[in-house]
Amino acid sequence: MAPVRAIQGQATRLSRTVHGLDYDAVNDEIIAPVYEAGAVLVYRGGANGAEKPVRLIQGDKTMLLGPQTAAIDSVHGEILVGDASSGSILIYDRLANGNVAPKRIIRGLNTGLREITGIAADTKRNLIVVVNMGATKEEHGVFIFNRLDNGNVAPKAIIAGQEAGISHARQIVVDSERGKIYVAVQGTNFRGVRPYVEDSPRKDTTWGDVLDERGRDVSKPSWSDNSRGFIGVWDITDHGNVPPRAVIKGANTKLDGCGGVAFDPKEGLIIGVGNNTYATYLIPQFFTDDFWKK
Amino acid sequence: MKRKTILWAAGLISMVLVATALSAWQTPGTGTSASPKPSRANPPAQAKSSQPAGGPRKPTVFDVAPVTNVADPYPTWNGVTVDTDNNRVIFSDLNRHGYFIYDRLAHSEGGEVTPWLKHVGGREAGLGFVSGIQADPEKKVVYIAENDGFGIRTFSYDDDGPVKARNLVATPHQVWGIALSRARKEMLVGVEELHALLVYKQDAEKLDPPLRVIRGVNSGIADPHGVYMDSVNNEIVVANHGNWSLYHPNTDHDPIPAVIPISPGHFDEPSIRIYPVMASGDAKPIRTIQGSKTGLDWPMQIDVDLPHNEIAVANFGGDSISIFRRTDKGDVAPIRELKGAKTGIIGPVGVAIDTKNDEMIVANYGDHTAVVFPRTASGDVAPKRIIRNAPLNAETCGFTNASSATYDSKRKQVLVAN
């Protein structure tokens with residue numbers, strides 16, 4: 001199946017490593033990060049071909065270093081950015097354009113943030129929800145902050161640990177109406193260490209580390225008999241080492257772990273993307289209150 | 001060759017947003033999944049029940065068939081090299097994670113898939129989102145770069161099927177282009193996120209460090225893709241996309257910076273930059289081809305025709321092959337351009353010059369083909385041979401490493417980032 005349109009080419013200023021993007025249904029715009037150039041791009045909703053972004057956030061005042069994910073909070077008129085390179089959540093005005101400073105930055109040791117690969121807003125509860133890839137299972141999961149948090153603040157809640165099973169995850173989206181968090185989890189194996197730091201082999205790395213043959217946490221949550229990935233759904237009130245309330249997972253799904261997840265409540269649709277596949281699932285009960293009360 | 005009316009996406013290049021209409025799921029049975037299709041009137045039931053009484057909470061499992069499942073079952077080229085000593089042409093396959101070796105003259109007469117000689121892939125091979133590919137005709141060895149993990153893997157020409165690599169040298173994450181200099185016994189790689197070029201011994205293995213690194217603001221290297229090591233003129237050539245930001249290690253094993261470094265990220269114009277072969281550190285290029293006249297638009301693999309002093313560029317965004325003089329610099333137009341509906345060049349990622357047989361081989365990402373031309377072909381001309389990795393008219397879905405998505409509720413389209 002060929003796409004109906006493609007935004008591509010030098011003029012678009014897109015680069016590799018778009019680990020999160022969002023569609024702003026209120027303002028009919030698309031928001032995408034540019035990891036390789038420290039930028040955030042905003043396109044027309046109907047953009048097609050070698051089309052320039054309508055707005056671009058980039059420059060020394062922006063504090064952007066390596067953003068991998070971005071999302072819109074159209075209720076409060078803000079763009080949320082997860083910067084993996086600086087371990088920061090940066091919040092900009094929705095109409096920010098050019099070399100502008102963020103309105104707020106959440107970063108620092110108290111936040112526990114390291115490699116942020118997913119970000120979303122819970123507009124109903126005034127929360128910012130991110131996927132944080134930390135060095136241990138307890139530091140590697142969903143971190144929830146208050147929307148107006150600023151500076152070196154501890155998260156309001158963390159969903160992480162063995163039973164959560166979030167060992168390599170990327171995109172996150174929130175169904176604010178029902179208070180549900182959807183996470184694209186690529187697998188429950190804890191990933192191995194990369195062999196290089198900057199342009200030199202990591203000094204404390206052995207060939208066994210490179211081949212991923214030693215010291216890697218491959219333990220599985222009790223509710224899974226394999227290490228494959230899934231789309232996991234948690235409640236926004238969940239906290240700690242808790243399993244998802246529901247998962248889309250298994251041989252019938254055609255997905256062996258997802259890097260991306262999206263949904264549309266009106267259509268009852270869940271979308272998962274990963275590797276060289278995308279799949280859509282019709283599960284309208286996810287968008288009813290009754291289902292989650294069971 | 002019929003050109004698609006809708007352009008699609010890029011490779012592991014991963015910079016394209018593709019949109020797909022959801023009309024398929026709305027009409028039962030039009031998806032590609034073979035499983036029974038749920039409908040809104042008949043939503044799927046969970047496969048397993050949850051919340052056992054008195055026990056720990058367990059998730060409700062939905063092992064359900066998708067209503068739409070889009071994936072390309074055929075290979076997608078992401079690089080090409082030609083071995084005129086052994087009459088082989090070799091392509092990396094980004095989509096199905098491997099590489100294919102063909103006889104140099106292999107081609108399709110009609111719409112059939114072109115028979116190959118060897119195909120290496122599968123879990124044993126350890127190949128994922130592969131990009132650059134090179135060969136050593138004397139050793140009969142293939143070198144293939146991994147873009148999304150790390151490392152250069154080496155295989156023998158005799159290898160076939162799901163086989164282990166003969167050698168693996170670790171590299172940084174995001175290597176795209178590789179080049180060999182048999183004369184220098186060196187291997188050159190370009191690393192996207194580091195904005196750097198690294199030179200290794202050709203037979204480097206495991207954690208052998210690079211011999212030289214070119215990296216820094218003065219180097220002008222920005223999101224490098226195609227690379228070439230010229231051991232006649234003692235130069236290194238690199239094609240840049242122009243995206244640049246200060247790199248900071250960002251894995252879960254690396255501490256966050258104490259303060260966010262001031263990083264005036266920027267979009268430079270795409271360029272071809274040339275350095276002395278022994279350059280290292282933050283070396284300035286000795287020549288740069290850059291500017292509006294060049295027509296460069298996401299330049300991918302490059303090759304240098306040393307006998308004729310020309311640089312060939314696979315110009316993805318322009319659906320073209322651009323030829324520059326090797327000694328060009330500044331804002332110059334290509335001396336030849338191969339482009340147009342007759343050429344069958346659609347989203348080219350690879351180009352290889354065969355000076356022995358006076359040919360040029362172009363690997364397409366945007367179509368399931370590679371197209372072969374006379375070396376000096378120019379304008380809108382038909383290829384002399386076509387190598388097909390899928391039957392005629394098999395569409396490409398435009399992505400090979402989808403990593404995020406969103407739903408355009410206004411247009412009922414899924415946006416997929418590649």
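**Two chains in contact**

Modeller: Start with the contact between the chains: 104 residues from chain B and 101 residues from chain A take part. Keep in mind that this is a predicted model.

Biologist: What classes of residue does the side of chain B that touches chain A have?
Modeller: That side has 58 nonpolar residues. Another 29 are polar, and 17 are charged.

Biologist: Which strand of chain B pairs with strand S22 of chain A?
Modeller: Strand S3 of chain B, residues 68–71. Strand S22 of chain A covers residues 277–282. The two run antiparallel, with four bridges between them.

Biologist: And which residue is the bridge partner of A:Thr280?
Modeller: B:Thr68, in S3 of chain B.

Biologist: Remind me, how do strands of a sheet pair?
Modeller: Through backbone hydrogen bonds, either parallel or antiparallel.

Biologist: New topic. What does the secondary structure of chain B come to?
Modeller: One helix and 31 strands.

Biologist: What share of chain B is buried?
Modeller: Chain B has 418 residues, and 57% of them are buried.

Biologist: Let's look at a sheet in chain B. What is the strand order in the open sheet of four strands?
Modeller: S16-S17-S20-S21, with antiparallel pairing.

Biologist: Which are the edge strands there?
Modeller: S16 (224–230) and S21 (287–290) of chain B. Each pairs on one side only. From one strand to the next, the twist averages 15°.

Biologist: How many bridges link S17 and S20 of chain B?
Modeller: Six, in the antiparallel sense. S17 of chain B is residues 235–240, and S20 of chain B is residues 271–276. As one example, B:Asn240 stands opposite B:Ser271 in S20.

Biologist: Over to chain A. What is the strand order in its open sheet of four strands?
Modeller: S6-S7-S8-S9, again with antiparallel pairing. The edges are S6 (67–73) and S9 (104–106) of chain A, each pairing on one side only.

Biologist: How much are neighbouring strands of this sheet turned against each other?
Modeller: By 20° on average, direction ignored.

Biologist: And how many bridges join S7 to S8 in chain A?
Modeller: Six. S7 of chain A spans residues 78–83, S8 of chain A spans residues 88–93, and they run antiparallel. There, A:Asp83 stands opposite A:Ser88 in S8.

Note on methods: Residues are numbered from 1 along each chain as its sequence is written. Chains are lettered from A and ligands numbered from 1 in the order in which they are written. This is a predicted model: local features need pLDDT of at least 70, side-chain atom pairs count only at pLDDT 80 or more; totals for chains, interfaces and linings use all residues. Two strands pair if DSSP finds at least two bridges between them. Axes are lines fitted to C-alpha atoms, for helices over the stretch in contact, and angles run from 0 to 180 degrees between N-to-C directions. Two residues are in contact if their C-beta atoms, placed from the backbone, lie within 7 Å. Ala, Val, Leu, Ile, Met, Phe, Trp, Tyr, Cys and Pro count as nonpolar, Asp, Glu, Lys and Arg as charged, and the others, Gly among them, as polar. A residue is buried if 20 or more other C-beta atoms lie within 10 Å of its own, exposed if 12 or fewer, and partly exposed in between; C-beta atoms are placed from the backbone.
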